Structures are given as C-alpha cells and as structure tokens.
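Please keep the sequence and the coordinates in view while going through the numbered points.

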Amino acid sequence: MSSGSKRTRSEGPFTDVVTANLKLRNPSDRRVCFKVKTTAPRRYCVRPNSGVIDPGATVTVSVMLQPFDYDPNEKSKHKFMVQSILVPAGASDLEALWKDAKPDDLMDSKLRCVFEMPSDLEKVNELEAAVNASSGARAGALSTDDTETRRLTDECKRLQTEVEKLLDENHQLKDEGLRMRKANQLDSSVSRSSAAMLSKDPSSRSLPSLLVVLAAVFIGFFLGKFVL
C-alpha cells in the first residue's frame, strides 16, 4: 500500500479546523487492512482512521487539525504513521488480525506534518508597514512638539523682556524718589536757616533803638546840668 504524500501540509493561522487529505492506494492483488496513527491524537481528528482497501482501489483519509495556539517548538512532534497488513483469504475478524499479526507481517508508511505560516516576506512587509506607520505618527508628534516648544520659547522671551522693563522702571522710580527726598531735605534746611535768621532780626533791630534811647537820656542829663 502506498500513500499519496509523505507529509501532510497545514496552513496557518490555526484558529479554525484545517483539513488535509491522504490518499491510500492498494497496488497489490489482495485486500489490505490499514490504520492511521499520530503522535498528537488530541490535535487531530482522522476519518476514517482504519479500514480495508480492495486490490487496486484508493481510499481518501481526511486529517483535520483542531484549532490551537501555534508553537514553533511543537511542529516537529506532529507525525503520522499508516500501518497496513495483508488480509488473508476468508478473514473477517480484523481486530483479531491486528492482534495476532507478527512484526514481519506489518507494513508502515511514516508521514510528517508541515505547518505553513504566512511567508517571511509578508511578515517583513507587515513589519515595515508597522514601522513606517509608527515613524509617521512619531514624526507628526515631533512636529507638533517642536511647534509647541517654539511657541513656549517665544512666550518666555516676551515675558523676560517685560520683566526687564519693569525692573528698569523700578530703578528709575527709586532714583527719582531718592532725588525728591534729598531735595526735600535741602528745602527743610534752608527753611530752618531762614527762620533762624528771621528770629535773630528783631533783637538786632532793637539794639540800635536802645542805643538811641540811652544817648537821648545822657544828652538830656548833661543838658539839664548845664541849664541848672
């Protein structure tokens, strides 16, 4: 008995049931009994997994991979083996035939399951597209950030200029206040000097008057003596 392929092919992603067909052909002139075994029985549903093939006939076996999370480390563990044995003439109990079969009577064909994910080129293209989209978004964000930064810088410069103007005005006001205080102090001292001088003037004016009175008294006194 021969199988149509030495390996089964399953294409991902494996989110749904994936079916592959095996064609088993009997080139002999005797009936052949077969069984299909796998190293991962929980992953596959095989229909039919056993049966009899008439001479020269072909049987199609459906191998259905159940949905699962693909693990690259697991792909080498999925293998199949098709065992076959010639059916003796008049044999009807196939279970007894398999049970009593000798190792030399058994024939087997080993199959390997190949998992096909999207091609590397498609992955590269998807990665490049994602990188380009990310770069474009990042460039847009950087452009927006640059504009905002320039605006904030200009605003800071404007505020700094206003602060410098206010400081200059403050210094000018301080200088003007200092000059005004000095001028007020000078005016106060001048006023006090003038007041002092004015306060001395009456005494200076009264001194000649006193002298005149004294002179008149003396003159009158002497004139009185001469008259007498």
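Does Ser50 count as buried, partly exposed or exposed?

1. Basis of the note. This is a predicted model, in which local features need pLDDT of at least 70 and side-chain atom pairs count only at pLDDT 80 or more, while totals for chains, interfaces and linings use all residues. Residues are numbered from 1 along each chain as its sequence is written, and side-chain values use heavy atoms, with hydrogens and water left out.

2. Overall layout. The protein chain has two helices and nine strands, where helices (H or I, at least four residues) and strands (E, at least two) are DSSP runs numbered from the N terminus. Their order from the N terminus is β-β-β-β-β-β-β-β-α-β-α. Of the 228 residues, 16% count as buried; buried means under 20% relative accessible area, exposed over 50%, and partly exposed in between, with a 1.4 Å probe and protein chains only. The accessible surface comes to about 17100 Å², and 57% of it belongs to carbon and sulfur atoms; these areas come from the Shrake-Rupley method with a 1.4 Å probe, and for residues only the protein chains shown count as cover. Among contacts (heavy atoms within 4.5 Å) between residues at least 6 apart in sequence, 68% join residues at least 24 apart.

3. Nonpolar cores. A nonpolar core is a set of buried Ala, Val, Leu, Ile, Met, Phe, Trp, Tyr and Cys residues joined through side-chain atoms within 4.5 Å. The largest has 19 residues, of which Val36, Tyr44, Val61, Leu65, Phe80 and Phe115 touch the most other members. Two or more residues each come from strand 3, strand 4, strand 5 (44–47), strand 7 (58–65), strand 8 (79–86) and strand 9 (107–116). Another core, of six residues, lies apart from it and includes Cys33, Ile85, Val87 and Trp98.

4. Leaving out residues up to four places away in sequence, Val61 touches Ala20, Asn21, Leu22, Leu24, Phe34, Val36, Val46, Arg47 and Pro48. Val63 also lies in strand 7 and counts as buried because its relative accessibility is 4%. With the corresponding exclusion of residues up to four places away, the partners of Val63 include Tyr44 and Phe80. C-alpha to C-alpha, Val63 is 4.7 Å from Val46, although 17 residues separate them in sequence. The count of aromatic pairs comes to one, under the rule that rings of Phe, Tyr and Trp (its six-membered ring) pair if their centres lie within 6.5 Å, with planes under 30 degrees apart counted as stacked, over 60 as edge-to-face and the rest as tilted. The rings of Tyr44 and Phe80 have centres 4.9 Å apart and planes at 75 degrees, so this pair is edge-to-face. It links strand 5 with strand 8 across 36 residues of sequence; both Tyr44 and Phe80 are buried.

5. Ser50 counts as partly exposed because its relative accessibility is 36%. This residue lies in strand 6 (residues 50–53) and touches Phe34 and Lys35, residues up to four places away in sequence not being counted. Pro48 is found in the loop between strand 5 and strand 6, and the peptide bond from Arg47 to Pro48 is cis, with omega near -15 degrees.

6. Asn26. This residue sits in the loop between strand 3 (18–25) and strand 4 (32–38). Asn26 is buried, with a relative accessible area of 0%. Beyond its neighbours within four places in sequence, Asn26 is in contact with Arg31, Val32, Ile53, Asp54, Pro55, Gly56 and Ala57.

7. Annotated segment. UniProt, in an unreviewed entry, places the feature "coiled-coil region" at residues 149–176; UniProt positions are given in the numbering used here, feature names are shortened, and annotations may be inferred rather than shown by experiment. In the model, the span of residues 149–176 is 100% helix and 0% strand, and its end C-alpha atoms lie 41 Å apart.
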